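Please look over the sequence and the structure shown here before reading on.

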There are 2 protein chains.
Amino acid sequence: MKTNKQWRLAARPVGLFKDSDFKWQEEPIGDLGDGAVLVRVIYLSLDPTNKVWATTDSYLPAVPLGDVMRGGGIGVVEESRNASFAAGDIVQGMFGWQLYASVPGAGLTKLPKGAPLKAFMGVLGHIGLTAYFGLMDVGKPKEGETLVVSAAAGAVGSLVGQIGKIKGCRVVGLAGSDDKCLWIREELGFDAAINYHNENVSAALKRECPKGIDIYFDNVGGEILNTALALINLRARIPLCGMISQYTATGPVSGPANLSNLISRRAKIEGFLVSDYLPRAGEAIPHLLEWMQSGRLKFRLDVAEGLEQAPRAISRLFEGKNTGKLVVKVSEEPA
Amino acid sequence: MKTNKQWRLAARPVGLFKDSDFKWQEEPIGDLGDGAVLVRVIYLSLDPTNKVWATTDSYLPAVPLGDVMRGGGIGVVEESRNASFAAGDIVQGMFGWQLYASVPGAGLTKLPKGAPLKAFMGVLGHIGLTAYFGLMDVGKPKEGETLVVSAAAGAVGSLVGQIGKIKGCRVVGLAGSDDKCLWIREELGFDAAINYHNENVSAALKRECPKGIDIYFDNVGGEILNTALALINLRARIPLCGMISQYTATGPVSGPANLSNLISRRAKIEGFLVSDYLPRAGEAIPHLLEWMQSGRLKFRLDVAEGLEQAPRAISRLFEGKNTGKLVVKVSEEPA
């Protein structure tokens, strides 16, 4: 009998995650129900929204205390009582923070062969779809426009900026260290990068966006959103992807004082969730794949080794320490 | 020779308007230039955005200190050196806060006969177009949805709510006195009215919007916007028409803390200005006229008598004392 390893949610996190918010548990795996599939998790995705899931009801109900922490990932089917899946299939789904997941077949997507597995945690997974649809469908970039991206060295931001370049925009990224700025400018081809820890963001944005901001792709909310609002052009679009600066707040946060600029500039702030776009993934994947294969869309995984590391690793997101997509490698890829 | 009477902007207003922000001036009217038209102003429109014009560059440059205060209105042509206009024509334009305006013909619109002149200050003027396009084009109401309107007894809000009813929405209005609430509920047909001075707005909105808020038509910004954001439904639309609660702020204002709800509800806040819709006025006017004539779209002018009253009158807007569209009657309508 196989033994499962799990992180269960032990407490509602306040501010940053703490180790004590999670409880390690090992337990035998029960019998597989009819129609279910036993998946050994290979990669577990860590995302800013995990903080929301652990804290409060939102677009999904909060994870109940005592349950396995919610998380998406990629795994390999080890046993199947579902005709659609066979042992050895590589699948994507919501497996939770655990080594083994017994899941109904309905929530699983079988991954095609041919692309490296890691790509499905980045460009070809929910991250790539978030960047693609958030920018293309909400941001609607036009050639020659100026696109500003926050958390630009993060999973989504790094892709958004590169897609913006492919679409002919001037792309300016905001990131929290010189190393990150160097990466997005030199390796990813951003036109400019601003280290928001070192620079006056308002002055730097004015310098790097001489024609103003047409699209501000926001991953962080807070003061940077407010600063960007002051510099938006007529009919600017602000796709609201995340507000990581607010997720660890322990008291009331303050919204952007410059909101009234939306009126004088006839501009909009629009929130979106990638889950709404999953039925349209087929529109995006061929582009993402082609751009990846031609080297125009690069991505980096920031890999924590071992499920044991998950609580420590997720804190790095909120401390701004990851570069690229943060994942936990839970077990080995099949040979 | 005729003598003009004018209010000139004497100081940048801080907080509420004060009488000393304006200076009364009487001066002879000079010769009319080639192509120009001399208009005697009949009605002067007072709008929340006047505060913006007097204070700062925005979608229009700030009114220069010493200039006649900017303002729209309706008047009668007394003298014309422009082939398109003749004495006796009734025209709409930006005449400023004065009795006589010498204006180039280009900025004038000749008003059709048949409807009462006052209607062009309300339903059939920029107010009606603001309500129509803001609701229809940005808000996009669908039958059975819940529409919440702030400043609902104001010029725009009172029309928005009635158009919402015509379009089959449940309409809930927020206003600042019991008299205003009575008017919008009993005379204008709103489903519910909330006096935000007397009630807990959050609790009252929950009670009156049992199915949540699909459209929040915002004229005020500030705390009410924040409260509404907490109650929006999936894919809610927030047309941002004005933020009168912020226009008299003397220090930094705080934005809505609940902005992140835009993400989980996949919702948007979108600013708009009626000036963008003027070329499309022909789409709206036939509807507005029909609704007005059939009694389904009522409006009220709140009339201050005499140009001398303009500075006092405009303060009433920011004190929440007007009901319906605030105008100054500068001179008599032609018989």
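The model is predicted. Start with chain A, whose secondary structure comes to ten helices and 15 strands. Its C-alpha trace spans about 65 × 45 × 35 Å along the principal axes. A compact globule with 335 residues would have a radius of gyration near 20 Å, and chain A agrees because its own value is 20 Å. Among contacts in chain A with a separation of 6 or more, 66% are between residues 24 or more positions apart.

Next comes the contact between the two chains. Chain B gives 29 residues to this contact, and chain A gives 29 residues. On the side of chain B that touches chain A, the elements with two or more residues are α8 (261-264) and β13 (268-271) of chain B. Of these, β13(B) gives the most, with four residues. Sorted by class, this side of chain B has 14 nonpolar, ten polar and five charged residues.

How are the two copies related?

Strand β13 (residues 268-271) of chain A is joined to β13(B) by three bridges, and the two run antiparallel. One residue to look for is A:E270, whose bridge partner in β13(B) is B:K268. Strands of a sheet pair through backbone hydrogen bonds, either parallel or antiparallel. Here twelve strands form an open sheet with mixed pairing, in the order β10(A)-β9(A)-β8(A)-β11(A)-β12(A)-β13(A)-β13(B)-β12(B)-β11(B)-β8(B)-β9(B)-β10(B). The edge strands are β10 (192-195) of chain A and β10 (192-195) of chain B, each of which pairs on one side only. Ignoring direction, neighbouring strands of this sheet are turned by 15° against each other on average.

Within chain B, two bridges join strand β11 (residues 213-217) to strand β12 (residues 232-240), and these run parallel. There, B:I213 has B:I232 as its bridge partner in β12(B). Helix α3 (residues 155-166) of chain B packs on the sheet and touches β8 (146-149), β9 (170-175) and β11 of chain B. The direction of helix α3 of chain B makes about 165° with that of β9(B).

Another helix to find is α6 (residues 222-229) of chain A, whose buried residues are A:I224, A:L225, A:T227, A:A228 and A:L229. Their cover includes β8 (146-149), β9 (170-175), α5 (201-208), β11 (213-217), β12 (232-240) and α8 (261-264) of chain A.

Finally, take a residue in a loop. B:M121 is found between β7 (109-110) and α2 (126-139) of chain B. Is B:M121 buried or exposed? B:M121 is buried, because 28 other C-beta atoms lie within 10 Å, and 20 or more are enough to count as buried. Leaving aside neighbours within four places in sequence, B:M121 is in contact with B:Y43, B:S45, B:I74, B:L301, B:K325 and B:V327.

Methods: Residues numbered from 1 in each chain as written. Chains lettered and ligands numbered in written order. Predicted model: local features only at pLDDT ≥ 70, side-chain atom pairs only at ≥ 80, totals over all residues. Rg over C-alpha atoms; globule rule 2.2 N^0.38 Å. Contact = placed C-beta atoms within 7 Å. Nonpolar A, V, L, I, M, F, W, Y, C, P; charged D, E, K, R; others polar. Pairing = 2+ DSSP bridges. Axes fitted to C-alpha atoms, helices over the stretch in contact; angles between N-to-C directions. Buried ≥ 20, exposed ≤ 12 C-beta atoms within 10 Å, placed from the backbone.
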